[in-house]
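Reader: I have the model open and would like to go through some of its local features with you. Could we take them one at a time?

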Amino acid sequence: MKTIKKTAAAVLVSSMIAGAAQAEISNDEVRIGYLADMSGTYRDLSGPGGLEALQMAIEDFGGTVNGKKIVTFNADDLNKPDVGANTVRQWIDERNVDMVTGMVASSVVLAAAKVVEQGGKLALISGAAASSITNEYCSPSHIHWTYDTFALANGTANAVLKDGGKSWFILTADYAFGHAMEADITKVVEAEGGSVVGTVRHPFPSSDFSSYILQAQGSGADVVALANAGADTVNSLKTASEFGVTQSGQKLAGMVVFLNDIHAMGLDVTQGLMLTTGWYWDMNEESRAWAKRYFDRVGRMPGMVPAGIYSATMHYLNAVKETGSDDAQVVRAQMAKTPINDMFAKNGSIREDGRMVHDMYLVKVKTPAESKGEWDLYKMVSTIPGDEAFRPIGESQCQKMAAKN
């Protein structure tokens, strides 16, 4: 595995110095590529809705930066790493794209991020979950914005453990994201005195979860944790409901559950489910106002991923404006030194490993009786401060790799 020969912070400082004398916007345009699953398992998680959030940010910014037009390209990565990497390579080589955003399936992100780094560009990752993106696969060329597996496991697993769930069985999507989620769950469970009594990995994507849920039931574990996402989580939860998992006394922990998942399954199936999120549309007046605008365009309330795409894009465009440059490292340095204060996060910050640190939220899915509308799905349980939610920088393999070089 390629290691980083300078700390990200050192790269930022040296790049700022080198770039200050030649700050400019290349090609007289700011070019942004939107890469996401537009048609498959993760379509509803980001897909066309995430692209709409990107367009909202550009429109709110005025369509130009310092008089230079903002141009976008978009593509369906089909959840295939080679497709994603080749698309980004073409964007960089043939269209001189400055920044790539969206980016959902972690396997696609890891492949595409290497191309971004090789091309000297910048990636703002809003949809992917694997905490390895800013851990062992950190790079000065990408920033992980919305959430990650460490924060989700830290929030949800701790809550379930405190509620008496000591023995765990983990159902895992068999690729980079699922592996990272499984590892992060295991770490939290064992650190709090619990145990993982079994795991099973399913292909990505899958449609039939019967055998996996039967294994989970047969394990006798207190908790069945779902280390998958999107349609896989929806199908897992539906199968668990059909098999009476909770009725038999086991707890279900959806580790990566999104607003669109809860809406798709309905409160009859999901009521009482505890989950962790990076944002909720009904948090405050600012979030509600933005969500209403999004709803008017898309026809559904936004989850945390579209909100993260909007936030990351606005922060990027402001950095381009302030520096007068679209040079990746000049812009990244400006982004890192500027706190994030918008409808998504308050007092957010970008660490040297590329992790955007912000508060996370533990929520509980409402019962049908508690809900006052189609999208009134969560009740807030607690706020998890950013410095507690995400992996401590002192435990980062990114820092350990940098220290060796």
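Reader: Which helix holds Ser287?

Author: Ser287 belongs to helix α11, which covers residues 285-298. Please keep in mind that this is a predicted model.

Reader: Is Ser287 buried or exposed?

Author: Ser287 is buried, because its relative accessibility is 0%, and the cut-off for buried is under 20%.

Reader: What does the side chain of Ser287 reach?

Author: The Ser287 side chain reaches the backbone oxygen of Trp281, at 3.0 Å. If neighbours within four places in sequence are left aside, Ser287 is in contact with Trp279, Tyr280, Trp281, Asp282 and Met343.

Reader: Turning to rings, how many aromatic pairs does a search of the whole structure find?

Author: The search of the whole structure gives 10 aromatic pairs.

Reader: Where do Tyr280 and Tyr378 lie?

Author: Tyr280 is in the loop between β11 (274-277) and α11, while Tyr378 is in strand β15 (residues 378-384), so the pair ties together parts that are 98 residues apart in sequence. Both Tyr280 and Tyr378 are buried.

Reader: Which residues do ring pairs link into a cluster?

Author: That cluster is made of Tyr42, Tyr175, Phe177 and Phe204, linked by ring pairs.

Reader: Now the open sheet: in what order do its 4 strands come?

Author: The order is β8-β7-β9-β10, with parallel pairing. The edges are β8 (195-202) and β10 (251-254), each of which pairs on one side only. From one strand to the next, the twist averages 20°.

Reader: How many bridges join β7 to β8?

Author: There are 7 bridges between β7 and β8, and the two strands run parallel. Within this pairing, Leu171 stands opposite Val200 in β8.

Reader: And over how many bridges do β9 and β10 pair?

Author: Strand β9 (residues 223-227) pairs with β10 over 4 bridges, again in the parallel sense. Here Val224 is opposite Leu252 in β10.

Reader: How many residues of β7 are buried?

Author: Strand β7 is mostly covered, with 7 of its 7 residues buried. On one side these are Ser167, Phe169, Leu171 and Ala173, and on the other Trp168, Ile170 and Thr172, so both faces are covered.

Reader: Which strands does helix α8 lie across?

Author: Helix α8 (residues 231-242) lies across β7 (167-173), β8, β9 and β10, and runs at about 155° to β9.

Reader: Let us move to another helix. Where does Val188 lie, and what does Val188 touch?

Author: Val188 is in helix α6, residues 176-191. Not counting residues up to four places away in sequence, Val188 touches Ala153, Asn154, Ala157, Asn158 and Leu161. Gly155 is 33 residues away along the chain from Val188, and their C-alpha atoms are separated by 9.4 Å.

Reader: Does Val188 count as buried or exposed?

Author: Val188 counts as buried, because its relative accessibility is 10%.

Reader: Finally, what domains does the domain assignment give?

Author: The assignment gives domain 1 (29-147 + 283-358) and domain 2 (150-277 + 361-389) for the protein chain. The C-alpha centres of domain 1 and domain 2 are 26 Å apart. Their contact takes 23 residues from domain 1 and 23 residues from domain 2.

Note on methods. Residues numbered from 1 in each chain as written. Predicted model: local features only at pLDDT ≥ 70, side-chain atom pairs only at ≥ 80, totals over all residues. Heavy atoms only, no water. Buried < 20%, exposed > 50% of the residue type's maximum accessible area, 1.4 Å probe, protein only. Polar contact = N/O pair within 3.5 Å; in protein donor to acceptor, adjacent residues only side chain to side chain. Contact = heavy atoms within 4.5 Å. Phe/Tyr/Trp six-rings, centres within 6.5 Å; stacked < 30°, edge-to-face > 60°. Pairing = 2+ DSSP bridges. Axes fitted to C-alpha atoms, helices over the stretch in contact; angles between N-to-C directions. Domains from an automatic or database assignment.
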